[in-house]
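Hello,

Here is the structure we talked about, for you to open alongside this message. My notes follow below it.

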Amino acid sequence: MPRTEIDLPCRVERLSILDEHGELDQSLEPDIPDDFLLKMHRAMLSGRRFDERLLNLQRQGRIGTFAPISGQEAAQLGAAVHLRRDDWMVPCFRESLAETWRGKDPASALLYFAGYDEGGRPEDDRNDLPIAVPVGSQTLHAVGLAWGMKYREKDSVAMTFFGDGATSEGDFHEAMNFAGVFTLPVIFVCQNNQWAISVPRSKQTRSKTLAQKAIAYGIPGIQVDGNDILAVYTAVGEAVDRARKGEGPTLIECETYRIMMHTTADDPKRYRSEDEVNEWKKKDPIVRYQTYLKNKGLLTDKDIEGIEEEIKAEIQTAVEHSEKMMKDSGDPLDMFLHTFQELTPALEEQKEELSRELSERRQEADHG
Amino acid sequence: MAKMNMVQAINLALHQEMEKDDRVILLGEDVGRDEGVFRVTEGLVGKFGENRVMDTPLAESGIVGMSIGMAIYGLRPICEIQFSGFTYENFHQLESHAARIRRRSQGKYQVPMVLRTPYGGGVRALEHHSESREAYWAHTPGLKMVIPSGPRIARSLLISAIRDPDPVIFYEPKAVYRAFREEVPEEEETFPIGKPRVVREGKDLTMVAYGAMMRPTLEAAEQLKESDGVECEVIDLLTISPLDDEPIAESVRKTGRAVIVHEAPRSFGPGAEIITRIMEKAFFYLEAPIARVTGFDIVIPLFARENDYLPDAQRITKAARNVLSVK
């Protein structure tokens, strides 16, 4: 009974196509139509500017806490662009760009960040779940959705997003395991942005990569330069193709960086150095992509200026629209909607109770 | 009509509902090849195949989280958690998602799933196999909490639960599983979620119980009739939440006295809520303080002592006599 070795796929592939200097590996360049390349550029820029405007609004006290995406534009957009209308996107809470790409009205997102439940409603014509705050828990919903697709013999996929911290959660393990066991069309997109609030990636796991966790579940895993949209696009595209063919799930680790704070409620200076942030800023996904597009002769600085102006105007329109939506969403009694399909007798009573109280308060206020 | 125990009656509901609706999917640990550790899923994998009756990896959060995704997709998953003592592994999937997806999506999505799980003491089991924690789920806005007391009503309530548009936690009293048989008609029967029923009429005292506690409660009512000539009205709660208090209040307005029975721990248990509702809706009809006969505020002991923990007919009768003695 000797000691023997079991042969395992112990190597993890890493993919990088467009490096931080904008240098391209032409042999790996994906075949993407020019207009789509430009559309992705516009979306990335729009995501960054929307973030900046949200931060501005938050600092003015006009909206509440939100989770910025700056620095992670390539990681989420390069993945989300592969989704068809019949696919499902299962986000965590740092995918505002992917959500907007999928058709989420930015005004509705603003409504949500301003504290109105109505803003959480996914758009009617998209199969997307609302954001999920408890870390990693949403990955299992993608598994259930994907099981439904398989059961109904569809070639659609479920794509779920999560961060490096989520890979420490039990639900992540259970989701990967279930998806592997049942060979389900789930695309696990890990936006490894290096920090789970103040805890660095090195304290989440002793594993050298997050991608290698796939090996334990018997499914493909790949690490990509998450600030390289061409690499993310390529790796996720391959995973989606496999899933549509019934070949099961894939884990894609996108190595990226959260340039801003975890949410507007924390101060990153408490836990990470400015030097580290500055090093990552040199790897900015938008800058290198612009270099690539300029080198291809698809984009000029003047074009960028024009796009920036358009985006600014669009965001302003969304802000104004959201303020109108807030005025229309003022009825506090709407808090009783959607607990169950129908109001229960007890909820009817409680709603009536609040209604009476509110009208009494209004009367008191009117009569001084 | 055939005489069935509760296991057979629940099994009948599963067979009939799965035949009728291909959206209904069973999943859980050992529900397929083993046909359930209590044999509740007998004959199902053979009839419907592994796509409809899924043996899952051993992971309760995974089972519930996956069920949520399936339900959002438009299916009607019924997941079995082998013992309610293991549902804490999936607590957050119920609290954070099953109960909230309708609200979070502002009505775009719903989670019409049923979580079936055996609960309660009385079968000489291991630790984590005997507790009664319905208050957790009843306290969670967005969940419905149902507990049948016998074979026929279990079958009816389960069919209603499967068809309900909201997530239903369906506690099966394992002490009742094979305790007795009832006539269960082959034809489909349903019973509305959210409605208690009066199972014995009386004018002197209202007794409210549910699940495995119905039998000792009815036994106590019978004893009180025989030995004291007292007419007890007994209400089987069936749905713990959302609680329909009107039939209880109506009964107390008639009797002026009430005893609440549950095997769950006393403090912050369902009895506390029921008594408060009586205070709100029938206080001026009360002729005596309301009593509750419950489990104690401890972890249920291992089986050598569980019979001393669980409320029985004698304890209920005694509490009832105390309530009746107040003039």
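This is a predicted model: local features need pLDDT of at least 70, side-chain atom pairs count only at pLDDT 80 or more; totals for chains, interfaces and linings use all residues.

For one pairing in detail, take strand S6 (residues 144-146) and strand S7 (residues 168-173) of chain B: they run parallel and are joined by three bridges. Within that pair, Lys144(B) stands opposite Val168(B).

**Five-stranded sheet in chain B**

Chain B also has an open sheet of five strands in the order S9-S11-S10-S13-S14, again with mixed pairing. Strand S9 (197-200) and strand S14 (291-295) of chain B have a single partner strand each, so one side of each has no neighbour in the sheet. From one strand to the next the twist averages 25°.

Strands of a sheet pair through backbone hydrogen bonds, in either a parallel or an antiparallel sense. Both senses occur here. S9(B) and strand S11 (residues 232-236) of chain B run antiparallel and are joined by three bridges; the bridge partner of Arg197(B) in S11(B) is Asp236(B). S10(B) and S11(B) run parallel, with five bridges between them, and Thr206(B) has Glu233(B) as its bridge partner in S11(B). The chain gets from S10(B) to S11(B) through H8(B), and this β-α-β crossover is right-handed. S10(B) is also paired in the parallel sense with S13(B), over three bridges, and there Met207(B) has Val259(B) as its bridge partner.

Is S10(B) largely enclosed by the rest of the structure or left open, and why? It is largely enclosed, because five of its five residues are buried. In a regular strand, side chains alternate between the two faces of the sheet. In S10(B), Leu205(B), Met207(B) and Ala209(B) point one way, while Thr206(B) and Val208(B) point the other way, and all are buried.

Helix H8 (residues 214-228) is one of them, running at about 170° to S11(B). Helix H9 (residues 246-255) is another, running at about 155° to S10(B).

**A residue in helix H12 of chain B**

Thr317(B) sits in helix H12 (residues 313-325) of chain B. It counts as buried because it has 24 C-beta neighbours inside 10 Å, against a cut-off of 20 or more. Not counting residues up to four places away in sequence, Thr317(B) touches Ala220(B), Gln223(B) and Leu224(B). Ala264(B) is 53 residues from Thr317(B) in sequence, and their C-alpha atoms are 18 Å apart.

Chain A contains twelve helices and nine strands. The C-alpha trace of chain A spans about 85 × 60 × 45 Å along its principal axes. Of its 368 residues, 43% count as buried.

Where the chains meet, 31 residues of chain A are in contact with 36 residues of chain B. Helix H5 (139-151), helix H6 (170-181) and helix H12 (345-366) of chain A are the elements that give two or more residues to this side of chain A. H5(A) gives the most, with nine residues. By class, this side of chain A has 15 nonpolar, eleven polar and five charged residues.

Val199(A) is found in strand S7 (residues 199-200) of chain A. It is partly exposed, with 13 other C-beta atoms within 10 Å. Leaving aside neighbours within four places in sequence, Val199(A) is in contact with Gly165(A) and Gln204(A).

Regards

Notes: Residues are numbered from 1 along each chain as its sequence is written. Chains are lettered from A and ligands numbered from 1 in the order in which they are written. Helices (H or I, at least four residues) and strands (E, at least two) are DSSP runs, numbered from the N terminus. A residue is buried if 20 or more other C-beta atoms lie within 10 Å of its own, exposed if 12 or fewer, and partly exposed in between; C-beta atoms are placed from the backbone. Two residues are in contact if their C-beta atoms, placed from the backbone, lie within 7 Å. Two strands pair if DSSP finds at least two bridges between them. Axes are lines fitted to C-alpha atoms, for helices over the stretch in contact, and angles run from 0 to 180 degrees between N-to-C directions. A crossover is right-handed if, with the strands pointing away from the viewer, the path from the first strand over the helix to the second runs clockwise. Ala, Val, Leu, Ile, Met, Phe, Trp, Tyr, Cys and Pro count as nonpolar, Asp, Glu, Lys and Arg as charged, and the others, Gly among them, as polar.
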